[in-house]
Amino acid sequence: MSNAQILRTPTDWNNPDMQRRIQKRYASEKRFRLIGLVSVALSAIFLAFLLFNMLGQGFKGFLQTRAEVTIDMPAMTGGASVTSISGPNAEAAINGLDLQGVAQAAITQQYGNDQGKIFSSSVGNYLKLQLLDNPELIEQKTTFNLPVNSEIDIANKGDGDAESEAIVARLEKAGTISTVFNMDFLTGGDATDPSEAGIWSAFKGSLMTMVITMLLAFPVGVLSALYLEEFAPKNRLTDFIEVSINNLAAVPSIIFGLLGLVIFLSWFGMARSSALVGGLTLALMTMPVIVIAGRNAIKAVPPSIREAAMGIGASPMQVIFHHVLPLALPGILTGTIIGMARALGETAPLLMIGMRAFVSTPASGFGDPSSVLPVQIYLWSDEVNRGFVEKTSAAIIVLLIFLMAMNATAIYLRNRFENRW
Amino acid sequence: MTITAMLFMLLGLGLIAWLTGRARAIALAGNGKSRLNSLPNYHGWYVLAWVIIPAAIFTLVWQNISPVLITNNVLASPDAVSLPSDAGARAAILSEARNIANGVQDVAFQDGSEKLVDDYRQATSLYNLIQLIILGIIIFACGAFAFLRIKPDFRARSKVERLMLGVLLAASLIAIITTLGIVASLMFETFQFFTHVSVSEFIFGTEWNPKKHTTPGEYNGYGAIPLFWGTIFIGAIIAMIVAIPLGLMSAIYLTQYASTKLRAWMKPILELLAGIPTVVYGYFAALTIAPAVRDFAVMLGVSNAASDNAMAAGLVMGVMIIPLVASMSDDSIAAVPSAMRDGSLAMGATKSETIKKVLLPAALPGVVGGILLAVSRAIGETMIVVMAAGYTANLTANPFASITTVTVQIVALLTGDQDFGSPQTLAAFALGLLLFCVTLMLNLIALRIVKKYREEYE
């Protein structure tokens, strides 16, 4: 110990300078941690704000205000009977009754001349649907709950102008106003009047587009994933394929819209704004996502399984299709669902191929003009009429529910079939 | 014959072919008396392929040549003598007659087209009959050929597998075809655009105000600089100011500090943020954020604050990008060997010092790669800017002003009712090509950085 050189004096932890330095370091540590927590929280708060904002506005879109009108059908339709409006020509017979006029006359009787300010312009159509369901109403004096127009509807939900508020107050006093669940929103098509607009035509269009996307993107994606992962020799061609796929997955979606516009519409002359072209365009966009997910899933299947199958005499093709693919399928499906969910929410490429047409009746075939949910949301968001604000949010809720269901399925599949080898 | 009917017919024939091929193989094997080279199913697939593929190829070819044949046949009819000699008028009449004959159109507008309808109907049914006969011959001949080749020692499996390999390769080639399709279609339209507008005006011009009719040699309002600036300002500046710190810090917090439980909750929430459709973000930005930003700007004393401002679009886009930055940073931080972290902690560094001085510098290339990918996503993003940013080209650094971007202008140019060949429509493709090239470059660089960096520690 005598002359052993002390390289450095031992740390004096009680030195006030040292204490201060340590405090400073700990404080900075805490600060850093807090910043991290705040950034995570900010994302969560933003998401919560967005969702509550949509829910708060959107739930009103699922409600519809109606007011009572008593209509003496036999007197007003000149004695039409059940037999005259049933049978194969029921619809034509009912159309001949001028129900719009009937409703307007009845409304004028009860509410005076300002009926146009209260009721929706679709009351005739509403009565027609009622009569189609219950023809016997034609011989009775019935009290109908007719939909009101969108100003009154907004006022009833608490956000209207003074005049409409006054009418609502009057109706409430009379006890004739009621709020019901708006089935028409789920079953109706697009309309210029927000009180009539519904999402069914857009929803059906979305489903049809997804069917086409799925039918094309899934097989092609899986097959090319199999080729690239299991058979591809290492050469220029396969390198190029690989780079192409990785790049396609990152190309902006609007570029796929331009591609669809030039190739499918302009060069091949396919039907504009049809589910077929929409599906084709989205399939090209979704395919790379499926390929990348598929390759990862195939890569995860351990080589021992391939070797075992080879060992008992299976050909490479049999190994792939009998052993590797079934084991990789849950992973591929998860990736596919995620890719499809992204395609379902895509708007820009569909705008490019003209899927922004006004579509009130659902498309009946893949070649008919159709709309899709995200585009419908976009179109409604541009409407000046205030009644469309809640409709837009309500449509967004439907879209988000659908997307969450798809993502939940993907997560479930991933957890259920997750294999550990 | 319609495509759907054709498809079902081919599928039905395929099933029959499969069953007969399989049955013949089994019969030839004679209940195991002689050994088959391939399983019976492979013989079935072999016959099926021979029946369906030539028939499908023939149908595809016929779809393309039959209209020409039908038109020639109609032109040869006596009614066609009265057709005008002008090629354009002739084509219009012929196409109208064809539409009426096929039931696409009800009433004739052009003189003389009605006369040709019957000729068209006759020619169509004649060529449909010819098609059916040739198709029948092809299916029968090919099917019989395949059927007769089935012998116990016939190597059906290797043939079917070779075909299968071809199918797999063809599926992967679709990616290349798509890429080439994108490049070719954009290039084609862009070249046409540059016959109307000079390249230098497009790239260096500072005024964007597209005119429908252009005069060569003059300035036509196709200067794209304001659009480039708007795109960079919103996508690469405002959005990144939001996304980089929040994304990076979220990733650091979730991987280094958060409890397992918090992580289990927060990861899906971040993923949810990534899964929300952009049209929803756009609506939210336009309806809620943009007015709030404008009110805030007015409060600050900015007089010319617009209701569709760059700030709102950039903020919301930044939030949309957070999960992307977070997951890329997460990956690259996790790829740093834990020995480096443990070493730093063992030296007495605090966690934050370790992160700032060891983990982040080591993970930097991966983080930068992630940020490049995020920028590429942001500048290609369409719906948020279409709904929340403006349509007026504006060369300003004021975040509360209305600014337009490349994608907004593509949408604006293509959703009007211009005719396809007008310079306005073509300009959209020039912008699209530019966007494609820029994002392609960013992606290539980013992928290269990320990949190279990952290999370093392995």
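**Helix, sheet and interface**

Modeller: Let's start in helix H1 (residues 16–61) of chain A: Asp17(A) and Arg20(A) both lie there, three residues apart, about one turn of the helix. Helices here are DSSP runs of H or I, at least four residues, and strands are runs of E, at least two, numbered from the N terminus. This is a predicted model, where local features need pLDDT of at least 70 and side-chain atom pairs count only at pLDDT 80 or more, while totals for chains, interfaces and linings use all residues. Residues are numbered from 1 along each chain as its sequence is written, chains are lettered from A and ligands numbered from 1 in the order in which they are written, and side-chain values use heavy atoms, with hydrogens and water left out.

Biologist: What do Asp17(A) and Arg20(A) form?

Modeller: A salt bridge, with the closest N and O atoms 2.9 Å apart. That term needs a side-chain nitrogen of Lys or Arg within 4 Å of a carboxyl oxygen of Asp or Glu.

Biologist: How many salt bridges are there over all chains?

Modeller: The whole structure has nine. Between chain B and chain A the count is one: Glu353(B) with Arg25(A), 2.8 Å from N to O.

Biologist: Which helix gives the most to the side of chain B that touches chain A?

Modeller: Helix H5 (residues 156–196) of chain B, with 21 residues.

Biologist: And how many residues are in contact there?

Modeller: 81 from chain B and 75 from chain A, where contact means heavy atoms within 4.5 Å. The buried area is about 6,700 Å², and carbon and sulfur atoms give 78% of it. Buried area is the accessible area (1.4 Å probe) that two parts lose on being put together, summed over both.

Biologist: Changing topic: what is the strand order in the chain A sheet?

Modeller: S2-S1-S3, in an open sheet of three strands with antiparallel pairing. Strands pair if DSSP finds at least two bridges between them.

Biologist: Why is one side of S2 and of S3 in chain A left without a neighbour in the sheet?

Modeller: S2 (141–147) and S3 (177–181) of chain A stand at the edges and each has a single partner strand, so one side of each has no neighbour in the sheet.

Biologist: How many bridges join S1 and S3 in chain A?

Modeller: Strand S1 (residues 63–72) of chain A pairs with S3(A) over five bridges, in the antiparallel sense. Leu63(A), for instance, has Phe181(A) in S3(A) as its bridge partner.
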